[in-house]
Amino acid sequence: MKILFLAPHPFLRPRGTPIAERAVLAALAAEGHEVDVLTYAEGDDPGIPGCRIHRIRALPGTRDIRPGFSLKKLVCDAVMLPRFLALARRGRYDLVHAVEESAFMALLGRWLLGVPYIYDMDSGLAEQMTERFRWLRPVAPALEAFERRALRGSVGVLAVCKDLETRARREAPAAVVGCVEDVSLLGDAPPPAVAPLASGDGPLALYVGNLEPYQGVDLLLEAFALAAPQVPEARLAVVGGPPEVAAALARRSAARGLGDRVHVTGPRPIAELGSLLAQATVLVSPRISGSNTPMKLYSYMDSGRPVLATRLATHTQVLDDETALLVEPEPAAFAEGLVRLLGDTVLRTRLAANARALARREHTPEAARRKLLRFYAEVEARLRPVVEEVREHEYPSARRG
């Protein structure tokens, strides 16, 4: 098929959604599909044979776009929409693959041009928007209605986790629905050696990921402050986030009197991830909201280190009490879990082994590729009569031979 892939964010950047998109594009291109990608001005060339990258023009004030809904993204999406319609009008695409909010563009394209689309659902958009901007909460029902319309207008919904898959099946019963979870980024090659994340020989709790409020990093700081007197040698390292956000987090840590026990490094290359995780005694995911599973969780599971996470659907749709220590999303509960896990070698060993076995069994790149291609085969089978009718109408002489 000829596919127009909409990526409404900087692509490629070393963070969850763009990394997952690169894997999807590589699988589709390897399968013989012809793929054009429309994305923001900012980003690196993914270097995928068979994919052509189209970028919107760079706009003042729209650099360094962070994950999640933002005014910068709204501006870029407004520029992306007419570019999408122009490409779709002249490109003779069989299908649009629309990631996140670009599903609304794809819905408009279907109404105007008749091009079917897949909704690549990485999160609940209405939920994400109202959590980021509280002033939008009065219009939450309208936002949820728009999201349902985008789901129901699609020929297929590709969810990134079980919770979103369940929602898609409920809201879009006529669509093909598939679920392709993220995978570990560790790979099989030995990771490069890196400098220690923190000084000293005590146990190390490690967080890796962006520093957006929904990730619960402030909860983590408060929990570590509560746990620190009970585990005097323990240290905490926080890796990720833009430098200015990481610096602000370091200042908040210092204000809590945590001194040199908390180390905030800012962003690190993904190639170093395996080496960073290997330094940890415990890996933490203190997320406080959201329904999609954080991509880092799959690398956590694959690392051979135990995981401490909040008992929310974002985690429990992948983890259970046999693969992680799950606690309530409150500082006191998280502190108690941290003290327990740091002090119990047997528990750490059991949870780490169980999590790694699950990751190696269910969440490998090959498993994700199989799920993706099975989903696309179902979509293609549903579209085949329509595609063949259109091509017969547009290229009658070619069909007659």
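Where is the place of A58? A58 sits in the loop between β3 and α2, and the views below start from there. This is a predicted model, in which local features need pLDDT of at least 70, side-chain atom pairs count only at pLDDT 80 or more, and totals for chains, interfaces and linings use all residues. Residues are numbered from 1 along each chain as its sequence is written, and side-chain values use heavy atoms, with hydrogens and water left out.

**View 1. A58 in the loop between β3 and α2.** Helices (H or I, at least four residues) and strands (E, at least two) are DSSP runs, numbered from the N terminus. A58 is exposed because its relative accessible area is 64%; buried means under 20% relative accessible area, exposed over 50%, and partly exposed in between (1.4 Å probe, protein chains only). Between the C-alpha atoms of A58 and R13 there are 16 Å, and the two are 45 residues apart along the chain.

**View 2. The open sheet of 7 strands.** Follow the strands in the order β3-β2-β1-β4-β5-β6-β7, with parallel pairing; two strands pair if DSSP finds at least two bridges between them. At the edges are β3 (51-55) and β7 (176-179), each of which pairs on one side only. From one strand to the next, the twist averages 20°. Within this sheet, β4 (residues 95-99) and β5 (residues 117-121) pair over 4 bridges in the parallel sense, and H97 stands opposite I118 in β5.

**View 3. Helices α1 and α2 on the sheet.** Helix α1 (residues 16-30) lies across β1 (2-7), β2 (34-39), β3 and β4, and runs at about 175° to β1. Helix α2 (residues 71-91) packs on the sheet too, touching β1, β2, β3 and β4, with its direction at about 180° to that of β1. Axes are lines fitted to C-alpha atoms, for helices over the stretch in contact, and angles run from 0 to 180 degrees between N-to-C directions. Contact here means heavy atoms within 4.5 Å.

**View 4. Where α2 meets α3.** Two packed helices are described by the angle between their axes and the distance between the axes. For α2 and helix α3 (residues 102-113), the angle is about 35° and the axes are 10 Å apart. On the α2 side, the contact is made by D77, M80, L81, F84, L85, A88 and R89. M105, A106, L108, G109, L112 and L113 make the contact from α3. Sorted by class, this contact of α2 with α3 has 10 nonpolar, 1 polar and 2 charged residues. Ala, Val, Leu, Ile, Met, Phe, Trp, Tyr, Cys and Pro count as nonpolar, Asp, Glu, Lys and Arg as charged, and the others, Gly among them, as polar.

**View 5. Strand β6 and its neighbours.** Both faces of β6 (residues 156-159) are covered: G156 and L158 are buried on one side, V157 and A159 on the other. β6 pairs with β5 over 4 bridges in the parallel sense, and V157 is the bridge partner of Y119. β6 also pairs with β7 in the parallel sense over 4 bridges, where C179 of β7 is the bridge partner of A159.

**View 6. L186 in the loop between β7 and β8 (204-208).** L186 counts as partly exposed because its relative accessibility is 21%. Not counting residues up to four places away in sequence, L186 touches L273, G274, L277, S299, D302 and S303. P49 is 137 residues from L186 in sequence, and the two are 23 Å apart in space, C-alpha to C-alpha.
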